[in-house]
Amino acid sequence: MVLNSILFYFFAALAVGSAILMVTRRNVVHGAVYLITTLLATAGVFLLLQAEFLFIVQVILYVGGIMVLFIFVIMLVNLDISLLQYQFNRQRFVAAVLALALGAQIFLAIKMGQKSLFPQASVPEILPKNTEAVADALFGHFMLPFEIASILLLVAMIGAVVMAKRRV
Amino acid sequence: MVPVDQYLWLSLALFTIGVIGVLTRRNVIIILMSIELILNAVNINLVAFSHMFGTVDGQVFAIFVITDAAAEAAVGLGIILAFFRNRETLLADEMDMLKW
Amino acid sequence: MNAQPFFLDHIWLIPMFPLATAAVMLFYGRRLSNNIVSWLCSGSVFVSFIFSLGAFFQIVAKPSAARVATKVLFEWIPAVPYHMLDGRLAKFVADWGFQIDPLSCVMILVVTGVGFLIHIYSTGYMAHEGGYYRFFGYLNLFMFSMLMLVLANNLLLLFVGWEGVGTCSYLLIGFYFHKKSASDAGKKAFIVNRVGDAGFLLGIFLTSALLGTIRFTEIGPALAAGGFAIGDPRITAIALLFFVGATGKSAQIPLYVWLPDAMEGPTPVSALIHAATMVTAGVYMVVRTNAIYQLSPKAMGVVALVGAVTALFAASMGVVQNDIKKVLAYSTVSQLGYMFLACGVGAFTAGIFHLMTHAFFKGLLFLAAGSVIHAVSGEQDMRKMGALSKKIPITYWTMLIAALAIAGIFPFAGFISKDLILGKAYEKDALLWAIGYFTAGMTAFYMFRLIFMTFHGTSRVDREAEHHIHESPKSMLVPLMILAALSIVGGWVSWPEIFGGNSHFINFLSTVVAVPHEARIEPLKGASSRLGEIHLMLLSEGLVVLGILFAWYLYVKRTDLPEKIAKAFGGFYRLVYNKYYVDQLYDAMFVNRAKDLGLALGAFDRNVIDGVGVNGAGWLTRFISNVSIWWDTWIVDGSVRLFAYIVWCLNIPVRMIQDGLVQSYMLLIVLGLIGFFGYYFYVAHHAIR
Amino acid sequence: MRLVLPVLYAVVIVAVLPLLAGYIVLMERKVMADMQARLGPMRVGPHGLLQPIADAVKLLLKEDIIPEKADRLLFWLAPLVSVTMALLAYAALPIGPAFQIADLNIGLLFILAVSSLGIYGIVLGGWASNSHYSLLGALRSAAQLVSYETAAGLGLISALLLAGSLSMRDIVIAQYDQGMWFIFYVPIGFFIYMVGSIAETNRAPFDLPEAESELVAGYMTEYSGFRWSLYFLAEYANMIIVAGIATTLFLGGWLRPFASFHDHLPGTPIELLDALPSLLVLGVAAYCFFLAPKQPVKIQKLVMALVGGLCLAIAGILAGSLFASPAVLQGVHGAFWFMAKVFAYLYCFLWFRFTFPRYRFDQLMRLGWRFLIPLALVNLITMATALLISREWGWSLRITSILAIVVTLAVAMWLAKNDQVDSAVPVAEGE
């Protein structure tokens, strides 16, 4: 149990730290690498939450798929110019303040609801075998959304192909 | 055992960072990545709650979220590529052609 | 028409060969090598020559009454009805038709024959010039036009050829267009010709208005049908108008001034166009229309007088010229004068006869002169020549033959034709004879002046030119020899009866000359006149020999005398030497006046028409448009802009939000979220309480 | 105890793997030499048996160059990433029933996921070394891996259907229960996975990312010395991984041939087929001893004899385990059979490498997207149908699977025919 919480805080620190770095890096590739780190850390968190399947999906899909796509695109568009430009736009201060305000509000909301909403650590110790459970849910109860998601993916694929073509 | 609210703080932090990134960075790719970060924070929430209630629905939703993230990334990057080919720039505040 | 023999049926091909090659030259010549060019051009002319020979023989084969054949290719201007002067309705028809009879037969023989020789000559002479293909293209174009001229069966088509040769002469005189003098000479020739052409054109109009036809074959009958009396003023008018054209083309007073300048062109051109063929077009035209001339003695008289005076006048100028080609040019003018003299005294055939012989020896003279110039590397001033007879013998001998021929030494060609003319002139009028007689003497004098200055005496050639004096290449010498032979025997085709000959040539031509004419060429009536003819010949021979001797004395024996004489008759010499200031006179009288007129018109155009009319209208338009612009700008647009501005002012806040930047939209979203949460907290707060 | 053993295994693997890689290289060179009628390395050790060690020493002593304009952080990180991911995958690989670090119930997915992360090593390395060759190589390999992972994964799933589990151990056991290796049910799936795995490990004929003749060494151009050898190690580790996956899913993992066919020696628990490995290794040992005296140099004689002794020892272990408890026997023999199959699979790799010419990149992509993936999908569907039929109507799976194979083959023909239509060189639109 101690190991669990140690690991959690390790992953959390890793995720937050590299997220901050990701937002602040000048070089986009570095940013991508830090984002990957964040995602991996999050995957670790998933693992701690006994969501192995989601962990795998996170690693294969997010890290192994989407982020590869990102890095691919980053390498296709040249960076040398953007390295020399300002990295933050004109509204950065206002934006930061507002974002922090929003964060504070959410914080407040959680705080207010904490007592009533989350009974401390009420976790059923024995969970069903995760992968099978997820599969049952996906192909049983969530069949329709699943298919819709697949259609969404198809549309996205076609859209991406059309847009990335040289001459549309 | 880690209490649920810890996960929420984590996701809140990630979410805020993501929002800051989306609002302040000029580079479109980094903006997209920040959006991924936000989605990720949401996922943490979903999984945490699903773990709390001992059901997998949250994870299923997380999977859907990841699917959407994939779609969004594909289309977004496609747009970025096309845009870069035409305008030779990656800066969000130079993409104001809608205005005219 | 009834079937003609082959060559008579295909006379129309004769001009076409040169035309074809001309087209080839002018379109593709640049890509062809000089060899191909010379072969093509000379070859085409040669083919034409063959056809001409064929036509000639087939004409001769016919009975002398039926020696005329016409070939109409197509109707050029189909029948256009119009009213003649006497109100009768006539149809104006100009067909693309060719007519061959003894006259045109002689002409095409001369043109193609001499032309062919000159082509051969040119291949040698122009070998090292630029624009080889251009030269030959023009040359063949000229051949085409000349052949059209002499083969035309109506005045209008003849006029086409007439203008064509004019154009080619302009092009060829200005062949060295980079030399200003050359291009000026070309322009001068063209413009002076315009004057004559205007007259000719008027004559054609008058003809068609009066006779209702312009076909040569129909002019005679039309005259007969019209029943015009001898000396009918209208006929005289036509004849004089035609003669104006002739003076222009054939360089007679007053329009002779262009010919001397025309010597700026390459020598073969001078030989072909300005000695042998083109300049004789006037004579040909007069002879062709002799039916009209014979109806107006006045016109004939004018022709004769002008011819005689021109002959004398030009000869006198030729005496003092130093440029070898200028001398030949003036002698050409005076020989042409002879021809017109012949026509004027009614000896049309004699004129043509002299035309032919003159083509031979004058062409030869020019070619030889060209060979001389070639030898002394481009020098044309006789004062810088001399003692060339040993260095270029062939040129020397051929030129000598030509000189004898033109001087009229028995039995060279020139003798026969010229004495024929003098005889007729004597019959007609003693004064005319005297002029021609004296001119013959002068001719002999200046020709041999030329020979002696060029070939005898001491060499006055520049040192550097001295070294490479050389005989010309074969391609130039062969034509010289052939022409030399022709200028010896050329005259014998019409050997006078008094030497036991029978003038074949004259008889051959006589069918052309209209019948009702008292001055037919035939053995002079009666022994006395025959004796007279002998006397005339002896007289002229004597004078000629005298002239030659005089030339020898002055330019070989006592070379110092000419200057003395020039000194002695200073004023007169200068007058003659400057060609009687005719050019200056023309400048003063016509050219400058024309310029002034042009300037005046220009000034009028600028000030009155442009100034008042155009610019005034323009100014008015601009003024009106300015007003409307003001209205448009300040009232129409102004109102529009006003509304636009109002809208613009109204939507400033909206626009500040809609800045098109994604991130600011996101910012607004966040703002909205914050507001929403704030409201939520507010409500929750109150709910809790 | 349940923590010690895995750590021990991990240490063993990490320790042994480089050596193994080195010897695979030696094997590669030997096979190449054999196929090209040459001898290959003969000097270092008898028949070059010590060549890998020499190579390793050379590599480690080489100068380690970092280009001037390189992105130092990533340049340093990239090789580590790739080698780490390669090694991480071994965690779930069951080398024998006993010899497995962790039996995750998502083992296969885990391996796939981790090995898919290996891309980052390549891509980041190629980008970080800031050279065109490297970048091109990186892009190519990224595209290639992403494309062929799909095909290979689909190929695997056809076998997963049969196994009904993601845990490697359960998969092998399923094959034991059904009494047949899955390769016989889904040969096409196996074929697809083989092609895909060759592409994933950047081996010839799909070695475009490091095509020596085009991009000097692809993403490794700028690397040298130790970092380079890390990449090298990663590549060979990956080869072993894919071989292990194939072995586990299609070739019955650690099972011996005819595993479910038991013929006990009368009165003993010993089975004849289990004696086979020990006899085999014994033969090898004998051969070594027979060769030893023929070696030219004394040291080589010695080494050869040592190798013989090693084989003899292994044979002894194998033979001894016959008489030990079934668990031990399973463990030892399982490891033996597993390695044997892995090496057989790898031998095919080398075989292809020296027999097939290299693909052009567009041909590679066309093969992947237009042929393999559709084929894999069709194969999956037909296999699923076959399974369904055999479940619902009780037909024998062998029949239905054969039918499925026939159908799939027909579709494969059709695909191949259509693919021939436009195999022309594409219009160069620039990279």
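# Chat: helices in chains B, C and D

Biologist: What covers the buried residues of helix 11 of chain C?
Modeller: Among the elements that cover them are helix 4 (102-125), helix 5 (132-151), helix 6 (155-173), helix 10 (258-261), helix 15 (324-344) and helix 16, each in chain C. This is a predicted model, where local features need pLDDT of at least 70, side-chain atom pairs count only at pLDDT 80 or more, and totals for chains, interfaces and linings use all residues. Residues are numbered from 1 along each chain as its sequence is written, while chains are lettered from A and ligands numbered from 1 in the order in which they are written.

Biologist: OK, and how many residues of helix 11 of chain C are buried?
Modeller: Ten of its ten residues are, so the helix (residues 267-276) is mostly covered. Buried means 20 or more other C-beta atoms within 10 Å of a residue's own; exposed means 12 or fewer, partly exposed is in between, and C-beta atoms are placed from the backbone. The buried set includes T267(C), P268(C), H274(C) and A276(C).

Biologist: What counts as a helix here?
Modeller: A DSSP run of H or I with at least four residues; strands are runs of E with at least two, and both are numbered from the N terminus.

Biologist: Why call helix 16 of chain C largely enclosed?
Modeller: Because 27 of its 28 residues are buried, the rest of the structure largely encloses it. After helix 16 of chain C comes S377(C), which has a positive phi, near 50°.

Biologist: Switching to A402(C). Which helix is that in, and what does it touch?
Modeller: A402(C) sits in helix 17 (residues 393-407) of chain C. Leaving out residues up to four places away in sequence, A402(C) touches F361(C), L364(C), L365(C), A368(C), A484(C) and S487(C). Two residues are in contact if their C-beta atoms, placed from the backbone, lie within 7 Å.

Biologist: Is A402(C) buried or exposed?
Modeller: A402(C) is buried, because 31 other C-beta atoms lie within 10 Å.

Biologist: What do the buried residues of helix 21 of chain C pack against?
Modeller: Helix 4, helix 16, helix 17 and helix 18 (413-428) of chain C. A484(C) and S487(C) are among the buried residues of helix 21. Helix 21 (residues 474-489) has 16 residues and reaches 22 Å from first C-alpha to last, close to the 22 Å expected at 1.5 Å a residue.

Biologist: New topic, chain B. How many helices?
Modeller: Three helices and zero strands, and the order from the N terminus is α-α-α.

Biologist: At what angle do helix 1 and helix 2 of chain B cross?
Modeller: Roughly 165°, and the axes of helix 1 (residues 4-24) and helix 2 (residues 28-53) come within 8 Å. Axes are lines fitted to C-alpha atoms, for helices over the stretch in contact, and angles run from 0 to 180 degrees between N-to-C directions. Helix 1 and helix 2 of chain B are therefore roughly antiparallel. That label needs an angle over 145 degrees; under 35 is roughly parallel, 65 to 115 roughly perpendicular, and the rest oblique.

Biologist: Is the crossing of helix 1 and helix 2 of chain B left-handed or right-handed?
Modeller: Left-handed, meaning the near helix is turned anticlockwise from the far one by less than a right angle; clockwise would be right-handed. Residues of helix 1 of chain B at the contact include V4(B), Y7(B) and L8(B), and those of helix 2 include I30(B), I31(B) and M52(B).

Biologist: And what about helix 2 and helix 3 of chain B, at what angle do they pack?
Modeller: About 175°, with axes 8 Å apart, helix 3 being residues 57-87. That makes helix 2 and helix 3 of chain B roughly antiparallel.

Biologist: Last one: what percentage of each chain is buried?
Modeller: For chain B, 63% of 100 residues; for chain C, 49% of 689; for chain D, 45% of 431. Chain D has 14 helices and zero strands, and chain C has 28 helices and two strands.

Terms used. The expected span of a helix is 1.5 Å times one less than its number of residues.
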